[in-house]
Amino acid sequence: MPGRKRKYVIIGAGVAGVAAALAIREQDGNASVTLVDEEADFPYYRFLLGDVILGTKDEWGILIKGEDFFDEKGIRLRRGQKVLKLSVDGKYVFLSNNERLAYDAILISVGRREIIPAHLKKYSSWLSLFSTLEDTLKIKSMIPRAKRAVLRGKGFNALELARVLVRSGLEVALVTPDRSLNYPSLPEEENEQLRRLITDAGIILKEGEDINRIEKEGMHSYRVELLSGETIEAEIVFASGGFAPKVDFLHDSGIYLNQGVIVDDYMQSTAESVFAAGDCAEIYHPALKRYWVNLGYPNARTQGTVAGKNMAGDLLIKLDIDKMKPYTIFGRELYARWWD
Amino acid sequence: MSEYVSRDRKDVGWLTKNIPCRTFCPAGTNIPAYIDAIAQGEYAMSYEINRRDNIFPGILGRVCTRPCEAPCRHGYEGLGDPVAICYLKRVAWDRGRFDVSKTWKREDPTGKKIAVIGSGPAGLACANDLALLGHEVTVFEKEKIPGGMMTLGIPKFRLPKEVTDFDIQSVLSLGIDLRTGVTLGEDIFLPDLSREYDAVVAATGTMEPVILGIPGEEGEGVHLGLDFMMRVNKGDIDSVPGRVLVIGGGFTAVDCVRSSVRLGGKEVKLIYRRTQAEMYIDKHELEEMEVEGIEDTYLVSPVEVMRNGKGEVEAVKCVRNVLGEADASGRRSPVPVEGSEFVIETDYLIAAIGQRVEKPPLEGFLDKKKVKDFRFGRQNVFICGDVRTGASNIIEATAEGKMAADRIHLFLKGKKPLKVAVSIKDLPGPDTGRERSYDFIDLQHMPTLELKERFDMRAEVQLGFNEDTSLLEARRCYLCDHDYQIHIDRCIYCCACIEAMPRKCILLASDVNVDDDGSMEVFEANGWDEVAAVVIDNIECIRCGNCIRACPVDCISVAKVRPLTERGD
Amino acid sequence: MKRKEITIQATGGAGDGSLATGALIARAFVRLGYYILIHDTFPAEIRGFGKSISEVRISTRDVAAKADASDVLIGLNNLFAIEQIPDLSERGIIIYDSKPGITVKDMESIPNHAGNLMSCYGVPLEYEAQKATGKKLGKNVVALGFLSKLLNFPPAEMIEILKELFARKGEEVLNNNIALFMSGYEYEDIEYKKIELDPPPHAGEKYTITSGNDAMSTGAINAGLAFFAGYPITPASKIMENLALKLPKYGGVLLQTEDEIAAIGAVLGAFYTGKRAMTATSGPGLSLMTEIINLGVMTETPMVIINAMRGGPSTGLPTKVEQADLNLALYGGHGDSPRVVLAPATIGECYRIIQDALDVAEKYQTPVIVLSDKMLGMSHVAVPAGTLEEKRASTRLAYAGRPKDYMRYLVTPDGVSPWVIPGEEGISYTATGLGHDEMGAPNYDIEVNRELAEKRFRKFTTMLADLPPPEFFGDEDAPNLIVTWGSTFGSVLEAVERLSEQGYRLRVAKVKTIYPQHEDIMGEALSRAEKIIIPEQNQFGQFARFIKGHYGVSADEVHLPSGEPVRPGDAEKLIKGRLDS
């Protein structure tokens, strides 16, 4: 449509979102590109959050791009605005500030978030999260007056948090609900090595356990009761029920979801003009013989770029799924972080 | 002040358009009325409204599929969550239940005898209404206990025995004769009943489980969902081995996995061929399933049951799906991905992929073309419930039973079917009994059992609202049965109401078009020169009363609109 | 990163309470121990529907000017707030009313107009207000609650302030306001970043908030003002309003006259009887008063005229700022008619200067014009408690001789004649606008009149001892001298501080006594300067031309933009341009 500016909306300004915005800008210099993110911060690399706790990086050191970058590229940033609803028929998103934002093409790149296990949801105001920079700064501010931490879950986030908390001098108990720490995706000997690393670091590993109840003890401390009846007093309690794509707002949209947004090779969802990329897009991975949601930024960047080009162009590029390394973060990188 | 009854289609249409919960309830329950009764502390009145409209308040207050909640006005964009209508029904039962047979009057005996086959929700609902109309009703039940799916299909931790007992007894105590252990086609036969009774109602439900139809299915170790649930409820199954795999995406499938966890299953998994969104299941059930730590996998279909040398179930070979074109139900059908086969190891397989009508006993009466208004051809045989519609749910079946009763009454007595009229009563002032602050109360959450206490088959998971939470939740209801109107002859176009409106519910209109069905189309004016009226959009209106309080000339009125059911002669 | 200062702007329509919001914010921060400056902007119409803005600058040091830009914009009306976005700093924060259920159009969307670095916090203000109290009113207090959270302001402190303000309006009003405040404070549905301020400079010390108009009214009462006559005119009306309430309590009389001519006449009459009297007006009013001011000069009757300058000429811009009445004040007389012209440069100085004006007028028996302006008169700052308490008494030069020797216009070396109030036994004299002799009798003798004219001018040298001399700031030996007067001093000083950081060598003179001049001090300073720059908020260069003519020096005129109070950034740019030329 000559003459009329096309409107691109990208929900979620993570690695994939920023990559897509740039790809669109390259393809269509005239288009209106809006990045919407529920966080108030400028886009940053999530995997560096541990470094913020350790103090090896500060809040500015983890930004994906400089703050002026988006102005220079003519990309409009809407920070701190959550999308509550997407209307496929109306071609708009409804934001938490009660605005409707119309689009010609939209990318969902909201990424994943730690989910609180359903049975602990009632304690959510007492639980620490470790998904956003804000969560991270909150944890960091708690460290000086904390002695002990209980972390439930065995995912990347729980392990990463365990690592940084132990290095910050806390006594850490890691509670994993499954009977073993084994990651099906890792070779057996690496699993064993990981377990050894964890226990060698001084982390108390409680496999096959779960948190049953939490009680508030003092201003800042909690009594955590495990299923076995054992209780631990801790100042930081973290519970993860896994890492889930933040696609709740799409439930009534008619777009097909499994864990994340199901997309084809062009990163397009089941609805026209709606694309998804990064840690919230779900693709059938032939090598794994299953649907697969990415974790980690190198793949996310590629996916974002592919999605952006296809949004601005005419379904030009297929994602080379074979080049997507399914476990880059989870396997080697996690392992490497523990060593250094 | 003034109250009048209207049969105008526009007024009846207003009711349909404006009280979405009631419209979407298959049984047409007068929801605002019973919620208002709870808000006033009149629990017995609330119970009675429910008992009359949907027969089984205790049961439906726990396991209803809640078609009423999704369209609730409180869930509109920017207004928060729908009212917990279902849980409030439970409040009415928990706090207000009483024996209606003592106070309700049955109509004078008609001398007509009716046989109802099947004591599930459809059968009992039908029997209930017919008994109240003065007919002599006999209910035949194949099992030893009445209730059908309500007692045998649903696990006790969702629906405790005392609840089903009370609700079923409440119906039977209206003077209904119940005969259990009587099987159609073995002990009784349709042609005989048709001769002996003035009318026969077949409400036998869909009790035959659907099989997977894949190799290796026959033999030990593979259970069918409904069979499994019935045997669990009867006490025939009291434990399951460690690894359980359930296939299916409906209520029964989820009941099977949740029961398995309680019966000793350590690794319980659910697979479904489409995605979560296509499941015939309530969101709440999925959440509880998640709490109980059950693993679910979607877009997976089984292709073969694998057995070891001894013939024991060892694993299920599965395939991943993509969703293809939409089928007749509007859902996309799963298409297998080539080369995506994989294996799930399991000790115990439950296939809960649906139920269908048991054909043999009703052979000859199931021809859909011959069943009109529940009546089979020109005979005195009526068919209602799942057996007519296919597997549905309790509220649909209850509604079926009630509608069938209405038709049977017409057949036996020549009485015209029930019709809805409306009573419209002007309120003297803006006071509807609600305060503006009620609109901001958050959805009350149902307290549930802690994880540790959930490993008991009989421990009810949902604990019910207490007095405070039920009052708070009841106050959330906007009471959509209030009709706000601006009287244009008195309006001075000052726009004070528009200033005060909480959302875009009052419009400057250039034209208003009211259709015969009561739906209203407002054409918004683009400038003052076009304004012909200031109009309240009743669909957007949340009945907050801000406009009335802001109006300087008192030109806005409120009327309470109630549905009435009338039967002509 | 902690900030040294922050400027918060509340914008809304009539009835949104934006000015009240600004006042509340200021009160809160003064309580904590910060310096503040409130500048309000409102529609010119007396009962308007236009945009009202309250801008509060909160700082860890004393400030006398508006900030270059606001850091936080509280939008109580979204369309007005959009107009204010250009006023916001690059990383500004916008708190606005997001209305659930009413979808905002693209063009009316605040985030659509905001810059990328800005943060937009949409809080459903009106919705939360209704939630808290069931009523629509009070969204400004909700916004204040949210702002308090952003600024880490302790809620208990704010509740104390609300109690102070609303306790007398009844419990319901107070409780509603507390509920409104808390609903904003506890609003957590959006992502936000907190703002940290440096610790307050004078925590624990008591400060009071005052405007120039308030300070002048109080100053006048504490200096024994007995009579005020006036005709209301923005931006001076507040003085009359204040005095109408307070003056009778101190035994004084306030007279609202039919126009400014009657007002100045009444003031002349009152002071003639020995009662301290004054009036307050603005440009157009001062024109009307000129005739009678000359009568005061000729009859040596004291009078004090406050002229709060506004945008002109004619009725002009009643609610805007300009320093353009200097020529009228200095030269508005006919004949050889000198008058004292004073100009406070900060709000804090207003109190003393009005007392000085009354003292000098009475002692030297001559009209005094005090040039204030809209910025000084109607903006507010915090001053240490006690600043506004100094009292002054009569300065009249009494007559000790025999009644029959009394001469009203006795020629003395210092020019001041003893003054006896009419009514004293055995003394009578004439006060006339005609040429007169020492007794006051009309006299057209050239010699006599020249002698008396010289006497009247002599007073202006004598009185210098009682008038505030110029003050100097900055580098004493700097080659560049900036001479300032009136409300623009604050921004000029800030501009100079910034320029000094850039390496310029600058000295600033603040002139409060414009006529007569402290010639020795000013002359010395001017002669030492290589470059003289005189910035002022008018196009004429009124003060610059006065100084140039008076001292015979050459100076660069800088015409600061008028309308709004001058922002330091603008002053910096213009002065820099002169320095570099």
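Chain A contains eight helices and 20 strands. The model is predicted. For its 340 residues the globule rule gives 20 Å, and the radius of gyration of chain A is 21 Å, close to that value, so chain A is as compact as a globular protein of that length. Along the principal axes, the C-alpha atoms of chain A fill a box of roughly 70 × 45 × 35 Å.

Two further figures describe the chain as a whole. Of the 340 residues in chain A, 47% are buried. When contacts in chain A between residues at least 6 apart in sequence are taken, 65% of them join residues at least 24 apart.

One part of the fold can be followed strand by strand. In chain A, four strands make an open sheet with parallel pairing, and their order is S11-S10-S9-S15. The edges are held by strand S11 (204–207) and strand S15 (236–239) of chain A; each has a single partner strand, so one side of each is left without a neighbour in the sheet. On average, and with direction ignored, neighbouring strands of this sheet are turned by 15° against each other.

Strand S10 of chain A, residues 171–176, pairs with S11(A) in the parallel sense, and four bridges connect the two. Across this pairing, A:Val175 stands opposite A:Lys206, which lies in S11(A).

Terms used
Residues numbered from 1 in each chain as written. Chains lettered and ligands numbered in written order. Predicted model: local features only at pLDDT ≥ 70, side-chain atom pairs only at ≥ 80, totals over all residues. Pairing = 2+ DSSP bridges. Axes fitted to C-alpha atoms, helices over the stretch in contact; angles between N-to-C directions. Rg over C-alpha atoms; globule rule 2.2 N^0.38 Å. Buried ≥ 20, exposed ≤ 12 C-beta atoms within 10 Å, placed from the backbone. Contact = placed C-beta atoms within 7 Å.
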